[in-house]
Amino acid sequence: LHTGQQNTHVLWRRKLNRNNGITFDGIFKSGHEDSGKYIRSVSLGVYYDRPHWFWKLYYDPHVNFTGHTMVRTGIGLKF
């Protein structure tokens, strides 16, 4: 597509105790939007892990290389 879109992740993980963990995710995003505008932005996310479930929260400007900003959260089960 010749958009030059790239996401570079930097992760930091830590066990809080025997059962719980936390992960911080920093993302540097660069490339052309569909409109042709070149962007550079930073997204941030956090994951909280338990043995059978997880929770995550993300702040994502230029989501999917568009002009939109999204804050999203999710909870899920592990099996």
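These notebook entries record what I looked up in the structure.

**Entry 1. Ground rules**

I am working with a predicted model, in which local features need pLDDT of at least 70 and side-chain atom pairs count only at pLDDT 80 or more, whereas totals for chains, interfaces and linings use all residues. Residues are numbered from 1 along each chain as its sequence is written, and side-chain values use heavy atoms, with hydrogens and water left out.

**Entry 2. Overall form**

I first looked up the secondary structure and found 0 helices and 5 strands. Here helices (H or I, at least four residues) and strands (E, at least two) are DSSP runs numbered from the N terminus. The order of elements from the N terminus is β-β-β-β-β.

I then looked up the dimensions. The C-alpha trace spans about 45 × 20 × 20 Å along its principal axes.

Of the 79 residues, 30% count as buried. I use buried for under 20% relative accessible area, exposed for over 50%, and partly exposed for in between (1.4 Å probe, protein chains only).

Among contacts with a separation of 6 or more, 33% join residues 24 or more positions apart; a contact means heavy atoms within 4.5 Å.

**Entry 3. Salt bridges**

How many salt bridges does the structure hold? I found 3, each defined as a side-chain nitrogen of Lys or Arg within 4 Å of a carboxyl oxygen of Asp or Glu. Side chains of opposite charge can pair when their charged atoms come close.

Asp60 and Lys29 meet in a salt bridge at 2.7 Å, N to O. This pair links distant parts of the chain, with Asp60 in strand β4 and Lys29 in strand β2, 31 residues apart. Both Asp60 and Lys29 are buried, and the relative accessible area of Asp60 is 8%.

Arg72 also forms a salt bridge with Asp60, with the closest N and O atoms 3.3 Å apart. Arg72 is in strand β5 and Asp60 in strand β4, 12 residues apart. Arg72 is partly exposed because its relative accessible area is 35%. I therefore record Lys29, Asp60 and Arg72 as linked in a network of salt bridges, given that Asp60 is buried at 8%.

The side chains of Asp49 and Lys78 meet at 3.5 Å, N to O, in a further salt bridge. Asp49 lies in strand β3 and Lys78 in the segment after β5, so this pair ties together parts 29 residues apart in sequence. Asp49 is partly exposed at 22%, as is Lys78 at 35%.

Is His62 buried or exposed? His62 is buried, because its relative accessible area is 18%. Its phi is near 55°, a positive value in a residue other than glycine. A polar atom of the His62 side chain lies 3.1 Å from the backbone oxygen of Thr66. Not counting residues up to four places away in sequence, His62 touches Lys29, Glu33, Ile39, Ser41, Gly67, His68 and Thr69.

Asn64 is found in the loop between β4 and β5. Asn64 has a positive phi of about 50° although it is not a glycine, and counts as exposed at 66% relative accessibility.

**Entry 4. His32**

His32 lies in strand β2 (residues 21-32) and is partly exposed, with a relative accessible area of 30%. The C-alpha atoms of His32 and Thr3 are separated by 5.1 Å, although these residues are 29 apart along the chain. Leaving out residues up to four places away in sequence, His32 touches Thr3, Gln5, Lys37, Tyr38 and Phe65. The His32 side chain has a polar atom 3.0 Å from the backbone oxygen of Gly36.

Key:
Polar contact = N/O pair within 3.5 Å; in protein donor to acceptor, adjacent residues only side chain to side chain.
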